[in-house]
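Subject: Structure for you to look at

Hello,

Here is the structure I said I would pass on. Please open it first, then read the notes below with it on screen.

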Amino acid sequence: MNSLAIIGDTNFYRTLCYYASGNLKPVDKIIQYFKNLKKKEQKSNRKAFCNPFVLYELLSHLSSDSDKAYEVCKRSVVGLFEHCQENGHLRFIADSELQLTKQLFDIEPDGNLDTTEKFSLIAKEIHRNSSDTNITNFKEILTEISSKRNESKLLFVNDFKKFIMEEFELTTFSWSPLKSDKSKRKEYLRLLETDQFKKVIAKSFVLKSAILAGRENNLLEDETNRMIDLVQNVFETPIELFIELLRRLAISGLDLTKKKRENYLFDIQIVFSISK
């Protein structure tokens with residue numbers, strides 16, 4: 001019988017670091033909580049896996065103890081490691097880049113596994129000793145993680161803006177491109193439901209993966225179409241989430257620069273774990 005994989009997002013780990021009263025739990029209580037949770041999961045043949053982007057997001061808040069989320073994210077890293085570790089090593093599920101390039105080109109992106117291992121070692125050390133003094137030992141790399149996390153979110157927003165400009169043939173950018181055109185909005189919502197549009201999204205995933213694999217200049221048409229069909233079949237959930245973002249954009253607008261909305265980047269990454 002196959003095990004069922006459990007993958008928690010940042011909110012899962014952060015929420016479980018609080019008592020019902022709203023006060024943060026001590027670190028030792030968090031470790032014990034996840035030890036008990038693992039025992040229950042094992043009885044029902046379940047195992048927790050860490051999505052690299054979840055750990056990445058939590059670690060990004062530890063570069064400064066003045067970060068409002070510092071205390072809860074410190075505890076969350078401890079909880080995540082306890083929940084997902086086996087014999088002192090984190091059980092990771094592959095991130096979206098690795099899943100796509102491996103599935104499509106049988107290639108691992110440069111540095112992907114090295115970066116994941118680096119994050120794992122930091123989490124292990126924080127689990128061992130979560131004192132502020134110990135965390136300060138990793139300040140340089142945690143600052144780098146925080147910076148790259150902000151860059152990733154900005155890149156996601158800019159890529160989405162570029163997609164909107166091209167998709168709606170805009171000359172001036174707007175987060176509500178169909179707000180004043182009811183007829184066009186209705187037509188576009190129908191388009192989002194079509195299989196052809198899902199192929200458009202699947203193709204964007206294929207082309208991005210081709211760049212990571214160094215294959216963007218020598219993809220044959222038949223090969224590309226085969227990959228589009230594979231992505232559409234295997235990664236149905238992230239495609240549906242991306243389409244849902246476009247649906248919200250069409251209906252009421254969707255400004256990704258507003259607080260926390262850029263976190264859709266991490267939501268899409270996490271749902272790549274839900275595949276056939």
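Asp95 counts as buried because its relative accessibility is 8%, where buried means under 20% relative accessible area, exposed over 50% and partly exposed in between (1.4 Å probe, protein chains only). Keep in mind that this is a predicted model, in which local features need pLDDT of at least 70 and side-chain atom pairs count only at pLDDT 80 or more, while totals for chains, interfaces and linings use all residues. Residues are numbered from 1 along each chain as its sequence is written, and side-chain values use heavy atoms, with hydrogens and water left out.

Asp95 sits in the loop between β4 (89-90) and α5. Helices (H or I, at least four residues) and strands (E, at least two) are DSSP runs, numbered from the N terminus. Not counting residues up to four places away in sequence, Asp95 touches Pro52, Phe53 and Asn112; contact means heavy atoms within 4.5 Å. Asp95 and Gln269 are 174 residues apart in sequence, yet their C-alpha atoms are 6.9 Å apart in space.

Gln269 belongs to the buried residues of α13, together with Tyr264, Leu265, Phe266, Ile268, Ile270 and Val271. Helix α13 (residues 264-271) is mostly covered, with 7 of its 8 residues buried. Those buried residues pack against α3 (52-59), α5 (96-105), α8 and α12.

Two packed helices are described by the angle between their axes and the distance between the axes. Axes are lines fitted to C-alpha atoms, for helices over the stretch in contact, and angles run from 0 to 180 degrees between N-to-C directions. For α3 and α13 the angle is about 150° and the axes are 9 Å apart. The two helices, α3 and α13, are therefore roughly antiparallel to each other; angles under 35 degrees count as roughly parallel, over 145 as roughly antiparallel, 65 to 115 as roughly perpendicular and the rest as oblique. Phe53, Val54, Tyr56 and Glu57 in α3 meet Phe266, Gln269 and Ile270 in α13.

Another helix pair is α10 (residues 195-212) and α12 (residues 236-252), whose axes come within 10 Å and cross at roughly 115°. That makes α10 roughly perpendicular to α12. On the α10 side, Phe197, Lys198, Ile201, Ala202 and Phe205 meet Ile239, Glu240, Phe242, Ile243 and Leu246 in α12.

Next, the rings. The structure holds 13 aromatic pairs; rings of Phe, Tyr and Trp (its six-membered ring) pair if their centres lie within 6.5 Å, and planes under 30 degrees apart count as stacked, over 60 as edge-to-face and the rest as tilted. The Phe168 and Tyr188 pair is tilted, because the ring centres are 4.7 Å apart and the planes are at 50°. This pair links distant parts of the chain, 20 residues apart: Phe168 is in the loop between α8 (139-167) and α9 (182-192), and Tyr188 is in helix α9. Both Phe168 and Tyr188 are buried. Tyr188 and Phe197 have ring centres 6.1 Å apart and planes at 85°, so that pair is edge-to-face. Elsewhere, ring pairs link Phe12, Tyr13, Tyr33 and Phe34 into a cluster.

Is Glu82 buried or exposed? Glu82 is buried, because its relative accessible area is 4%.

Regards
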